[in-house]
Each structure stands twice: as structure tokens, then as C-alpha cells.
Amino acid sequence: MKYPVLVSFILPLSFSIASCGIFGGSDECNDGADNDKDGLIDSMDPGCTVNGDKESPDPILTACNDSVDNDGDGLIDTEDPGCTDGLDEDEYNEPVSACQDGIDNDMDGLIDFPYDPGCTFSIKDSELDDCPDGANCPDCSNGIDDDEDGQADYPDDLGCNAAGDLDEFNADPSICGAAVLIQPLPNDGEAMGQFTGSAANELISDGCGGTGEEHVYVYTTTVPESLTVTTDFEETVVDTVVYVRGECRQTDTELGCNDDAGLNVSTLDIERIEPGTYYIIVDTASSTAVGNYRLSVDTFTPEKEPCVVAASTCKSGLVCRLFTEGGVTATSETCEKPECSDGEDSDGDGLVDFPFEPGCLDPADNDETDDCPTGPGCAQCSNELDDDGDTISDYPDDPGCNAASDDLEVDDCIPGVEVISLGAAGVSGTTAGTSSFDPTCILGNSGAEDIFQFDLDRAVDSLTFSTIGSSYDTVLSVRYAVCDDVAAELACEDPDSAGETIVLATPAQGDYFVFVDGSFFGDGAYTLSVEGVLPDGAACTPGEPGFVCTPGFTCRTNTCVVAACNDAVDGDNDSDGNGFPNDPGCDSISDDDESDNCPSGAGCPACSNNIDDDTDTFTDFPADLGCKAASDNLELDECIAGVTVLDLQDVGASGTTDTAADSFDPSCDSLTAGEDIYAYRNTRNLETITFSTLGSGGDTVLSIRQDDCGDEAAEIDCNGTGANGQEITITSPVLSAFYFVFVDTDFSTATVDYILNVSGIISPGNACIQGDGQFTCSAGFICDGTDTCVATQCNDNISNDADGLVDFLDPGCASLDDNDESDDPNPLPACADGVDNDADLATDFPADPGCSKASDTSEVDCEDSDPLVSITASVTSGTTTGATDDFTPTCQISSTAPEVAHEFSFPGELDSLSVTTNGTMYDTVLYIRPAACVATDLECDDDDGDGLQSLIDLTNVPSGLYFIFVDAYSTYSGPYTLTITGVIKSGEACDPDQITAGVLTCASGTTCTTGICQ
């Protein structure tokens, strides 16, 4: 909507006198003539209302003050919802659905949801129905007492949520227990609720527990269905358990349950339910669990049931198709497994499914057809030929064949170089012979190498290869799918030591080639281990070598499930704590047994026996700093005997190292003198924690160890740069962990008067203290009156000043931390004034890339010699060759390479953002700057990607404009691949074009609807 400049018609005195006839003038507004030829005469001409006795000029009227229905919706001027007031020059308003527009669209005397039976929900755009006696009239509008409770239809029958409700059902509380809230599942499958802890426990799932309050939703289906029941939403803050039963109080009718698919939340998939009524139970994990939850129940067509290809609702993993069984093809479509995993020989060649069928590229392939063994398209691993000349042909006999559809039989990296099969148990050996390959992370020639092939045949969260423990200086590198091509190398490690580790996150299934090499010309004995971390719910085998459940989970009943010491339940019912680190029976979060005999039984750990074992006046965990957990059997809080550890509180500390002994050498400086050691226990949910000696009276060296003071391997960071102090910032610090802070002195004879401070950034939604300058809320959040970090007015996706502008679209928002949208500048800033100030054909925020927010005072674009590249797809290709070197990355200050700047903006806050140059063939450097291209790097990375590539992963990324730079080490340049993916938080604004392009996706369980992930 635009607001025009008002024009006041002030008539000169001489004109007024003339109009009165003193100088022979005439009264045009009273002469019966159309003097200005606009079709309007005298008093009917709007010019006469402002000019006295002249018909012209006519006043300038806006669309909202011209008595015309400009948008053709039957409403005129200020009666039109598209008009803010009479100055608004646009009557247009977003269309309102028929079920909430206040109009009786189907002329049945009933208006909108919940009163019109055609409205099953408020956003439906049709009120049409065939009530009261049509075949499709809902039970709650048909004039019949369907549930025979003495009441009929909405609103009289309490079982009716609306006139469009299909079911009058009103549950008897005794069905599930007197204290249980029972209600029908809403038509859209979505429900919100709150547990207050006021109701007694009535139901418990045999498989998943749930010892607190329950809410029950009743669902009836007339056809077989698959169900997905989940509380995995941002709104769920209480620890839920979900299960589904045929009879509410009968545990033997339970069809499935789930607890802790993620923190607090639960997700349950049920492959098939038959027609009938079911009870969907949302339970709480413990009697003390209170808070809100959001429930969603999605239904799908199960296997073997009829479907329509054009509008398939088959459950994930199934396809709507004609099924062939025993050579006979059905005449109508049903939901079936894909041809390559259905157990049938769909193409009649005697071969069934992947990996045996040559027409199957993978199990999800829905076409088995092929022209093997003699057709031109037949893969090498099915053509009955010995393509690689190793005397072995085809799958599964030839080790070079991963499947019958594999088109490469070659099982050597290069002729004569053996590839050894690597099992999950690992291997040991000795390198010898010639060097056929040089990994990318070592300059010059390397020693002889052994090459292993590892077949990853299951989904894992991470895959780790390690030569730690080898007796010589190894070099470790990994390639995927292709053994003899350096471009297939995923990672290479050569820290100057006798062993390396490579961790691959969420790796694809398939072949990995692992090269155990030697630094320069070195050969020697090595050990090679492999470990895959299985996700929650994955199949597992207790004690299986090479594969373990993710930390906090354990292999129980051949499934990775949450461990007893990580489930927030007092499993041994001894009231001594829930899980690790609070229960003395828990050695770690992965321990599956909480049992103990504390505090007085034999074998009770020192940190739970109610005794001050080290006589320091502090007893047990967490009071005694020597206790890392309740299961710790040593209270002594010295690093080593005789070396005192000081207690570091939030107020910080100061001291001098002149009396300290030199007992430790930090990794970043081996010539240090005496050190003071502090222990700090993190008791907050933080995004970052920072320890600082800035402002000290001399040259300090600062190092941090986590949980184990006396072990140098526990060091997580060290900083000796700077003459008068250092800072170390730890991201995602562990709650309840101990951080041991070593304040050391540079050079072996130096002493330092130092100050030591601690500060942190509190994660959104967690406790804070107003006015605390050390522990503050993250950007875009403020510590409110409830002592909680909540979103500021300029970061809450609400138009707080009711001007229709939200957050950075509001010129009143100077920054994310601004908690007042109402102070719009006057005059408006360049990025909100409706003027193309920098003449780049783009006006204001967010259209002008020079604007990071509506309150910006300049539209000027990035100060870069080269054109900006806009991010419009997940993968952007380009080249830095020929570009100029305008910027220097903070993580590689020696770079003089040319760079390309990319602009990327998004309207809503992101859960996560990942940016990488993986796939680029030279050593890249990647950095991101917020709001302006000359801003300080938000994040900078050199080699965290694959090999020499770059990777930046961010969380909780505020909306706005960002500049992403592809730079390089030294003077390198060339073609690059930039890949960007992100997840928008639930409830945040979204751009449908970015969703379609695959750059961003909405959080799990939400979609981009009317510009919001919901």
C-alpha cells in the first residue's frame, strides 16, 4: 500500500475576488455547464468542493477515498479490508477463504467455520455441503443423534468440534481412566496440549514407559492405513512418550510406542492399522514432567492397498504401481515396494532385486528391466565376460563388482596394485615395497602404501578410520567409490605424529578406499581401525566390532535405544539421581545400568558415599571439584599430587604466577614458566563460553582442558598469541562439564600479574539474569522479566507496532538486539524511503542488495571490484580466475588470491546453515560476513571440508543479508563449486523460491505455507 502526498488547494486572493464577478468572472459551479469536460456538472463535479466556483482542477483521490470498488470485491473505500485508511491508494487485500470471510457463500443460512457443515477447517475455501440429509453430510450436521447420547449435532453434542466434524463421539472417561483427558483427533491430525502435573498416572507403555500424566486422542478409520505419530516440534518442551492402542487400557493391544526420538520428542511409525477405532496416547516420561506439546498424526496408504498414481499417498518407501507376482501383473495399482526390493522377478529374467538384478541400480529403483547378458547397455558385472582380466567374471564372484548393475569389474586401483578387503574389526600390517600414490596432504614423495576397500552397507551418523597406535608416522587418506582418481579423495590427514584419524559425517553407503601411507619415504608397522556410529533406532548387534550406537544410546534387543543413564528416568528407583552424571551407578551416558549400593554399601564410589574423602571440606558430586560425576571414585581435585586447583567463579579471578611451579607445558608453548590452574564448572545452557586474560600485566599463555586436569590429551585449545592476554572461546560447551583453565607465563623465567575472566552467550529459551554483562543472551534475544532469553521485538516475526512491518522489514529496527519496533526514523532511512538511492534499479530492503535491513541508511552494494553473484540455487558454480583480490580472510591472512563475493538473504531465522566448497580442485578459503561485505568475518574456514576444501556450519542464524566469499590459499584461483543448504526454523518466514530451488528447507514436520514454515 502506498501513501500519496496530500495536495492542499489554497486559492490566491485575486482569484477569489475575480470569481465573485468583480472583474467579470463567472460561477462555473452554478452555470449548468460542464466547464472542465469531465462529464460532471456543477455540484456533481468534485472540483467544486475545493475550488469554490471553479470545476477544475479536481482533487487527487486515492483508491480508498474515490467511492469506486477498485478491486472488484464488492467493498468500497474504507469498508474494504484492503484499505488501511482513506489515504491508502490500494484496495487490494489477500483473499480470505470462504470458511472465514463472514459470508454465507453456499446460501444455506450458515456462515463460516465452525458453523457451516461444509467447513471442516477455517482455511477451506468452499462452504458447499449436502446437509442435512445428503450422503456426505457430517454426523455433526445431519440432525441425527449418531452416538445416542441424547444430543445431536454441533454445538449441542459435546463430541462435535464443529458442524463439519465427521464424528459425534464423546468419550467416556472410564475408557482410559478417570484422570485421563480424552478427545477426538482433529480432522487435520494436529493438536496442541499442556501437561500440568495435576492428573494422576493411569497408563504405562510396556515397551517405552511413561509414568506421568496422559492425554488420549481417539482416531477412527474406515480403511487400512499407515500412521506416523510425532511430537517432534519446537512447541514440545515436555518429555513425551507416544503409543497407539486398539483398547485404551489393554497393553496387549498396543501397536507400537516411542520414547526420545530426539530430546523430549517422540516419533512412532506404524506400518498398518485395520479399519476401526484407535487410541493415540501422549504420555509424559515421569510424574514430574510438565509443559506444552504439539502432536501431529499423518496417515498414508499401506502396502498392498489400492492407490492412484497421480495422487499417491503411499507410505514412504512404497510406490503406487501395478504389482507383478509370479509372472502375473495386477490390473490396478497398489502401494508396493519398488521392483528392486519386492522379492519378485519383475522382468522375468530369473534374477531378483538389488544387488543381484542387473537392471537395479539400488533398492529404491522401480525398474528391473535390462538387456543382459549380451545387450549394449548391459553392465560389466552381468555380461558374462572377464572385463578386467582377473580370471573372475561378474557379480557376485568378481571382487570388483559391488552389484550386478556395477559397470566396472576392475578391483585393483591400478594394474598390479592389490586392494585389500577391510572388515569392521580393523586390521594391522606393515607397509613395504613401492609407492604408487601420493596423498594430497603431504608435499613431495610419500612412502609405500597399503590400500584397503571398506564396504559401508548401512546408514551411519559418522564413519571413522584411524591409524592411532601405529609404530611409525603414517599418512591416512580416504577416497570414495573410485580408487585410482585423486579427485575422489574425501579427506587426508598427516599431523606430525604416529597416527591419524579421519571422521566422515553422514557418509553415503558404498565403497571407501583407505590408503595407509608413510610420511616421505617412511615404512613401518601400523594398525587400522574403523568405527561407524549408528543412529537412534538403527539395527545393531551387541558387541559387534566396528559399529556402535551414538553416545547416550545402547544396543538393546538388537536396536540402538536410549541408554538407562541417558533417559532422565530414575531407573533403579533409589532417588539418588537420574542418569549420568548424577546417578552413582552410571559410568557414562551410554551406560545401560543405573544400579548401585550408595551411599553406604561396599563399592559405592567416593563421589557418592557422603564422606569427604580428600578432606577439602567438600563432599561428593557436584560439590567437590574432584568429582567429575557421581560415579567417580576419586574426590581428589588436584591435577597431580601437590598441585592445587583453584575454584573459578563467574566473578573471575586475579593473581600472579611468581610462586607457581612449572608442572605443565601447554601445547602452543613449551618454554613456559609457572602456572596457576583453575576449575570452572559450566552450569548453564550456553552457545559459547569464553575465558580471557586480556588486560593482564604481562605475556600470558592460556590453555583449556575439559574434565581431566592431569591429562594433556584433554586439552581442547591453547593460545599464546598477544603480549597482554589471550582469549579462548569454546562453542557448545558441555553442561556440567569441568573446564580446567591454565594461566601460564611465556618464557621459562617470566612471572605475570594476571586477570582471568569468564563470559558466555546463553542459548535462546534458557535462564538468564537481567543486567548480567558476563552471561548474555545470543544476538536477537533479550533477558526479559521472567529471567529467560526471549526474542527481541526485532527478531520475533511479529509487527509489534502494528504497522504491518516485521523485524528487519520495519525501519524502527536498528539491529536484531533492538527491542522496540516503534521508533521509525523521520525522515525514513534510505532502505525504507521508496527511493532507488543508489540507482541500481532496486529499491529498499529487501529488494536492494545494499540493504541489510529497512533501517539501513545506505543502499550502496558490496564494495567489491567484481560483480556480486546472487545465490539462487543450492549449488553455484563459478571461477575466481580473472577476479580481483579485494578482501583478506581472517583465517588465512597470507592469502593474496582473487575472490568472488556472493549475496544471500533470507527472511526467517535458520536452525542451521552449511556452506562448503567441496568438489573444488584447489585449496579454497571460505568466509561469511553479515549485513555488509566489509563487515568482520562471522566465520572463516580454510580446510575443514574434504581435503583442502572449506566448510562452515552455523546454527541459529538470524534472518537478513549475508556475503559469502570464495577465496583461496596463497595465490590459487580457478573454477569452484559452492554448495549452500539450510533449515528454516518452525514458525519463521520462508521464501517459496528458495524452497523450490533446494537452498533452504523448512524444519522437519513443517512446510512453507503462506510465507511461513508451519
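Rings of Phe, Tyr and Trp (its six-membered ring) are taken as a pair if their centres lie within 6.5 Å. By this rule the predicted model holds 16 aromatic pairs.

**Figure 1. Aromatic pair of Phe 691 and Tyr 739.** The ring centres of Phe 691 and Tyr 739 lie 6.4 Å apart, and their planes meet at 45 degrees, so the pair counts as tilted. Phe 691 belongs to strand β29 (residues 686–692) and Tyr 739 to strand β33 (residues 738–745). The pair thus links distant parts of the chain, 48 residues apart. Both Phe 691 and Tyr 739 are buried. Ring pairs also bring in Tyr 680, which forms a cluster with Phe 691 and Tyr 739.

**Figure 2. Overview of the protein chain.** The chain has 1014 residues, of which 44% count as buried. Three helices and 49 strands are found in the chain. The C-alpha trace spans about 115 × 80 × 75 Å along its principal axes.

**Figure 3. Salt bridge between Arg 245 and Glu 254.** Side chains of opposite charge can pair when their charged atoms come close. The structure holds 17 salt bridges, and one of them joins Arg 245 to Glu 254. The closest N and O atoms of Arg 245 and Glu 254 are 2.9 Å apart. Arg 245 counts as buried because its relative accessibility is 1%, under the cut-off of 20%. Glu 254, at 19% relative accessibility, also counts as buried.

**Figure 4. Salt bridge between Lys 304 and Glu 336.** In the salt bridge of Lys 304 with Glu 336, the closest N and O atoms are 2.9 Å apart. Lys 304 sits in the loop between β9 (291–300) and β10 (319–321), while Glu 336 is part of strand β13 (residues 334–336), so the pair ties together parts that are 32 residues apart in sequence. Lys 304 is partly exposed, with a relative accessible area of 42%. Glu 336, by contrast, counts as buried at 2% relative accessibility.

**Figure 5. Salt bridge between Asp 342 and Arg 321.** The side chains of Asp 342 and Arg 321 form a salt bridge of 2.6 Å, N to O. Asp 342 is in the loop between β13 and β14 (420–421) and Arg 321 is in strand β10, so this pair ties together parts that are 21 residues apart in sequence. Asp 342 counts as buried at 15% relative accessibility, and Arg 321 counts as buried at 6%. Elsewhere, salt bridges that share partners join Glu 190, Glu 235 and Arg 294 into one network.

**Figure 6. Negative surface patch around Asp 823.** Asp 803, Asp 820, Asp 823 and Asp 824 form a negative surface patch. Among them, Asp 823 is located in the loop between β37 (789–791) and β38 (869–870). Asp 823 is partly exposed because its relative accessible area is 43%, which falls between the cut-offs of 20% and 50%.

**Figure 7. Loop position of Gly 143.** Gly 143 is part of the loop between α2 (48–51) and β1 (181–184). With a relative accessible area of 58%, Gly 143 passes the cut-off of 50% and therefore counts as exposed. Tyr 154 is eleven residues from Gly 143 in sequence, and the two are 9.5 Å apart in space, C-alpha to C-alpha.

How values were computed
Residues are numbered from 1 along each chain as its sequence is written. This is a predicted model: local features need pLDDT of at least 70, side-chain atom pairs count only at pLDDT 80 or more; totals for chains, interfaces and linings use all residues. Side-chain values use heavy atoms; hydrogens and water are left out. Patches are made of residues with over 30% relative accessible area and no salt bridge: like charges are joined within 9 Å, nonpolar side chains (Val, Leu, Ile, Met, Phe, Trp, Tyr) within 5 Å. Accessible areas come from the Shrake-Rupley method with a 1.4 Å probe; for residues, only the protein chains shown count as cover. A salt bridge is a side-chain nitrogen of Lys or Arg within 4 Å of a carboxyl oxygen of Asp or Glu. Lys and Arg count as positive and Asp and Glu as negative; His and the chain ends are not counted. The place of a charge is taken as NZ of Lys, CZ of Arg, CG of Asp or CD of Glu. Helices (H or I, at least four residues) and strands (E, at least two) are DSSP runs, numbered from the N terminus. Buried means under 20% relative accessible area, exposed over 50%, partly exposed in between (1.4 Å probe, protein chains only). Rings of Phe, Tyr and Trp (its six-membered ring) pair if their centres lie within 6.5 Å; planes under 30 degrees apart count as stacked, over 60 as edge-to-face and the rest as tilted.
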